[in-house]
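Subject: Handover of a structure

Hello,

Here is the structure I said I would pass on. Please open it next to this message and follow the notes below as you read.

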Amino acid sequence: MTKKKSIFTQEVIVGIVLVALYFIFRTISSDFGKYTTFLSMMDISYYYALMAIGVAFPLITGGVDLSIGTGMICYALAGGCLIRFYNVPTGLAMLVSILFGLGIGLANGVLISVMGLPPFLATLCTCMITRGLGSVVTGSFAIPWPTAKQDNGWFHSIFKITLADKTKLPLGLVWIILLMLIMQFVLAHTRFGRYTIAIGSNKEAAILSGINVKFYHIMVYAVSGLFAGLASIAYAAVIKTVQPGTGAGMELDAIGGAIVGGVSASGGYGTIYGTVIGAYVILFLKQGLPYIGFNANMQQIITGFVLIGAVTIDIIKRKVIK
Amino acid sequence: MGEVILTMKNIDKSFPGVHALDHVDFELKRGEVHALMGENGAGKSTLMKVLTGIYTKDSGTITYEGREVEFHNTHDAQAAGIVIVHQELNMVGDLTVAQNIFIGREFKKGFMIDDRKMIQESKKLFDELHINIDPKAKMSDLTVGKQQMCEIAKAISHQAKVIIFDEPSAALTEKEIEDLFAIIRDLRKQNLGIIYISHRMDEIKVITDRVTVMRDGAYVGTLITDECTKEDIINMMVGRVIYEDPKTHSMVPADAPVVLKVEHLNAGKMVQDVSFELRKGEILGFSGLMGAGRTETARALFGADPKTGGDIYINGKKVTINSPEDAVKNGIGYLSEDRKRFGIVVQKTITENSTLATLPKYMSGLFINKSAEKEVTERYIKELDTKTPSADQLVVNLSGGNQQKVVIAKWLVRNCDILIFDEPTRGIDVGAKNEIYKLMNRLAAEGKSIIMISSEMTEILRMSDRIIVMCEGKKTGEISIEEATQEAIMDKATRDIK
């Protein structure tokens, strides 16, 4: 009994939904169709997409990482502090932010894999810790990163470049696509990726196959932390001033994106391209719905229903396989 | 035997691509124990699912208590008095026995649950069945055997007229099986109709009145148990003669070196001071009752559970095994008794499962070399004669026997010299069982050393070159195959049980 693979995978369906959403919003609202709207939406999309790529890995193992939202703010604050107060070169500060994320990710991994805390609990704790830590390092002050016009503000051009004729291009999109392809390749074609999926499908079988599951389980959370670190840079580039105490809830949008994009809520299956497409669907709903007359509350309700739909598809899919 | 209570006639059921039931007939009388036999995939469970309303039949008729019926779900069937005692017990471990028996239909006093009445009713049920279980005990504190008794009590409390037992003895000790049989005989006396699904030929002879055999979704025939032999039934099931006699002498050459030596292995209560040797090309049988500590010994040896003491020598060299990773590095492979939980990743392909323990060998640089991976998988599919359309097939779609072959392939790909087979043929049908046996014999002949844990006496006597018997966490005997008899093994297996 070989089943023919349907080309209408959840990823493809969500991709179609994404394109449809864009054109629906455009048709209804002329403002939404403006290039500047598109540009600012892309700006915001990068850190969501990066968080989503990272958190897809814990999700595929059947876990979760709730620390990425507040973590991202914390890393951005730490990096910003270094530039602001200690005159550290921007490049070095960025590296510190990223490594900070990696470190928290590793800590999550150790708590979960070595000490045996449930992922939900472990990352909830680091979520609180990073949220508090961000305020502590800055003395509760908001920290502005250098602006694009300042000398040490060159990092803005990673995400958006201005051509000679003053047109701006969303360069960040290129990096997102590149990282998406790389991480998809990692998931599908490396040992780390294969074991990530194996842990999500049947951890016991993986252990009894002689795989060092503890190590790979830590690495899964390290990847999530690393991408939260990368996201902190994208965040700093868009949000002029980073506020301590924020960030809670952003992880849910990233997780929602991954789930909408076909990552199985119970682990064992997922793709990174699906994750990124899903993240953009959530983002379009978030940013686009206000343009066609829905307020923020309505937009949250609609997003909730979209998530229910996505998870339902996942559950039906599993039933069909059984 | 009384009058007919249930007749299924011309039952036909197809799934996309599979003709699961091909005009099957089945008849059950009051006061009869009727065995339903057939290899896995023969259609037994499908037939029972049609009967209890889980599946809807395409055509055919079901006559129950003289009128035609069609149940739309198990609840309907239950209400009419047809209940299943499942192989996997459906109990809530943290609730008490009484709470479990009346779950979903609790007695109430006002808006409060009347626990006292539930306990009283449970007691009455147990008394009727002559079983001694405290209704207030927590379900998870009971042995598997006792839990099953509760499941039966629950079935009877539904005013059952027909009870279906789906492989009830799979997880029971000999003693518990006897208790179960006593209950079944009792139910028979009370004029209930009983359908008994099992793979164990010995039980069929002991407990059933008639046997209906199915093969490939079709009805083969019905025999009166007393008038037929084991071989008759097996021949009907597989359409060929396969029964084999016990091994009479060890196949291991006298000068075969010791490959594995375990000394004073300790791991909690279930593994106490266990020592043994395994020689090259040997099949070492581990016999004992359920809960004797055989699986625990294997898991401790394999590093899956922590040990508190003991030394392990491989080819004369002392090794440290603290994790399955260490064990695999030392060439030990473990095939779990619970394949779905510990052995395979069901939603993944045969290829991914086959190389799960060996992935570092199939890397080119950082990346998995998928064509090499596929090549080796296909080689073992051919070598082990695994029945699958392709290496990309999801393991979940394979039969039990073929899933077991995938696990064997995983360890052969890894080139393990010591293989621990824990209940190698559990849940595998007769035909496939034979193939697994042949495969194990071949592996031993090729110089692999095998530890085989088995609760089936016939399997132990047929496969082992030497037998180690355990009881309550201790090794209680070691018997060469030349001296082994069922009685000698049972004597040692029950030595410490008062």
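The domain bounds used here come from an automatic or database domain assignment. For chain B, that assignment gives domain 1 (4-238) and domain 2 (258-493). The C-alpha centres of domain 1 of chain B and domain 2 of chain B lie 32 Å apart.

Please keep in mind that this is a predicted model. The predictor gives the complex an ipTM of 0.70 and a pTM of 0.74. Chain B has a mean pLDDT of 87, and 95% of its residues reach 70 or more. Within chain B, confidence is lowest in α11(B), with a mean of 77, and highest in strand β22 (residues 449-453), at 96. As a rule, where pLDDT is low, the predicted coordinates should not be read in detail.

Chain B as a whole

Chain B contains 17 helices and 24 strands. Its radius of gyration is 24 Å, close to the 23 Å that the globule rule gives for 498 residues, so chain B is as compact as a globular protein of that length. The C-alpha trace of chain B spans about 70 × 50 × 50 Å along its principal axes. Of the 498 residues in chain B, 46% are buried. Among contacts in chain B between residues at least 6 apart in sequence, 68% join residues at least 24 apart.

Strand β11 (residues 210-215) of chain B is mostly covered, with 5 of its 6 residues buried. Which strands does β11(B) pair with? One is strand β3 (residues 33-37) of chain B, which pairs with β11(B) in the parallel sense over 4 bridges. Here H34(B) stands opposite R210(B). Another is strand β12 (residues 218-224) of chain B, which runs antiparallel to β11(B) and is joined to it by 6 bridges. R215(B) has A218(B) in β12(B) as its bridge partner. The hairpin of β11(B) and β12(B) has 2 residues between the strands, and D216(B) takes a positive phi near 50 degrees there.

Strand β13 (residues 258-267) of chain B is joined by 6 bridges to strand β14 (residues 271-279) of chain B, and the two run antiparallel. A267(B) stands opposite V271(B) in β14(B). Their hairpin has 3 residues between the strands, and in it G268(B) takes a positive phi near 70 degrees. β13(B) also runs antiparallel to strand β16 (residues 309-314) of chain B, with 5 bridges joining them. In β16(B), G309(B) is the bridge partner of N266(B).

Why is helix α9 (residues 294-302) of chain B described as largely enclosed by the rest of the structure? The reason is that 9 of its 9 residues are buried. Among them are R294(B), E296(B) and R299(B), as well as L301(B) and F302(B). Just after α9(B), G303(B) takes a positive phi of about 85 degrees.

Where the chains meet

The contact takes 30 residues from chain B and 20 residues from chain A. On the side of chain B that touches chain A, α10 (324-329), α11 (339-343) and β20 (367-368) each supply at least two residues. The largest share, 4 residues, comes from α10(B). By class, this side of chain B has 18 nonpolar, 7 polar and 5 charged residues. When you look at α11(B) there, recall that confidence in chain B is lowest in that helix.

Regards

Notes. Residues are numbered from 1 along each chain as its sequence is written. Chains are lettered from A and ligands numbered from 1 in the order in which they are written. This is a predicted model: local features need pLDDT of at least 70, side-chain atom pairs count only at pLDDT 80 or more; totals for chains, interfaces and linings use all residues. Two residues are in contact if their C-beta atoms, placed from the backbone, lie within 7 Å. Ala, Val, Leu, Ile, Met, Phe, Trp, Tyr, Cys and Pro count as nonpolar, Asp, Glu, Lys and Arg as charged, and the others, Gly among them, as polar. pLDDT is the predictor's confidence in each residue, from 0 to 100. A residue is buried if 20 or more other C-beta atoms lie within 10 Å of its own, exposed if 12 or fewer, and partly exposed in between; C-beta atoms are placed from the backbone. Two strands pair if DSSP finds at least two bridges between them. The radius of gyration is taken over C-alpha atoms; the globule rule is 2.2 Å times the number of residues to the power 0.38.
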